[in-house]
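Reader: I am new to this structure and would like to learn how to read its features. Could we go through some of them in turn?

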Amino acid sequence: VTAASGILEGTMRRAVLQLCEGLGIPVELASPKVEEAASWAGAFITSTSRLVLPIDELLLCDDPAAEDTVVRVRSRVQFAESELIQRLLKALEQWLGQHSRVLLDS
């Protein structure tokens, strides 16, 4: 599940969506519901600098009042290593090898 709008649709996200399609990994374009995080097989973020970064632990916090500086963790969700994410990382590594080139040679 990944949001359909209201997010930065970057290069790595686009690559991951294409890889998921090629690998037969279903993708639902909808905002993830953090209340359902305990049922997720795993979670990750994408970025140009981090590529695909698996999330080990998700802290769900209460919304603090504007003047409150204390964040209260109401629950934690820990994710085990996901075979699906590992498959995606391996495919991404191959994709990067095919779509990259050396700019400076030492």
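Predicted model: local features only at pLDDT ≥ 70, side-chain atom pairs only at ≥ 80, totals over all residues.

Reader: Which residues of H2 are buried?

Author: A residue counts as buried when its relative accessible area is under 20%. In H2, these residues are Ile85, Leu88, Ala91, Leu92 and Trp95. Viewed down the helix axis, they fall within an arc of 125°, and therefore they line one face of H2. Glu83, Lys90, Glu93 and Gly97, on the other side of H2, are exposed.

Reader: Against what do the buried residues of H2 pack?

Author: Their partners are helix H1 (11–23) together with strands S1 (44–47) and S2 (51–54). The N-terminal end of H2 has a further feature: Ser82 caps it, with a side-chain oxygen 3.3 Å from the backbone nitrogen of Leu84.

Reader: Where is Leu53 placed, and which residues beyond its sequence neighbours does Leu53 contact?

Author: Leu53 belongs to strand S2. With a relative accessible area of 36%, Leu53 is partly exposed. Once neighbours within four places in sequence are left aside, Leu53 is in contact with Phe44 and Ile45.

Reader: Turning to charge, which side chain of opposite charge is nearest to Arg13?

Author: A salt bridge requires the charged atoms to lie within 4 Å. Arg13, found in helix H1, is buried yet has no salt bridge, since the nearest side chain of opposite charge, Glu9, is 4.2 Å away. Not counting residues up to four places away in sequence, Arg13 touches Thr2, Ala3, Ile7, Leu8, Leu29 and Thr46.

Reader: How many salt bridges are counted, and which residue forms a salt bridge with Glu57?

Author: The count comes to one salt bridge. Glu57 forms a salt bridge with Arg76, and their closest N and O atoms are 3.4 Å apart. Glu57 lies in strand S3 (residues 57–61) and Arg76 in strand S4 (residues 73–78), so the pair ties together parts that are 19 residues apart in sequence.

Reader: Are Glu57 and Arg76 exposed or partly exposed?

Author: Glu57 counts as partly exposed because its relative accessibility is 33%. Arg76, at 54% relative accessibility, counts as exposed.

Methods
Residues numbered from 1 in each chain as written. Heavy atoms only, no water. Buried < 20%, exposed > 50% of the residue type's maximum accessible area, 1.4 Å probe, protein only. Helix = DSSP H or I, 4+ residues; strand = E, 2+ residues; numbered from the N terminus. Arc of directions from axis to C-beta. Contact = heavy atoms within 4.5 Å. Polar contact = N/O pair within 3.5 Å; in protein donor to acceptor, adjacent residues only side chain to side chain. Lys, Arg positive; Asp, Glu negative; His and termini not counted.
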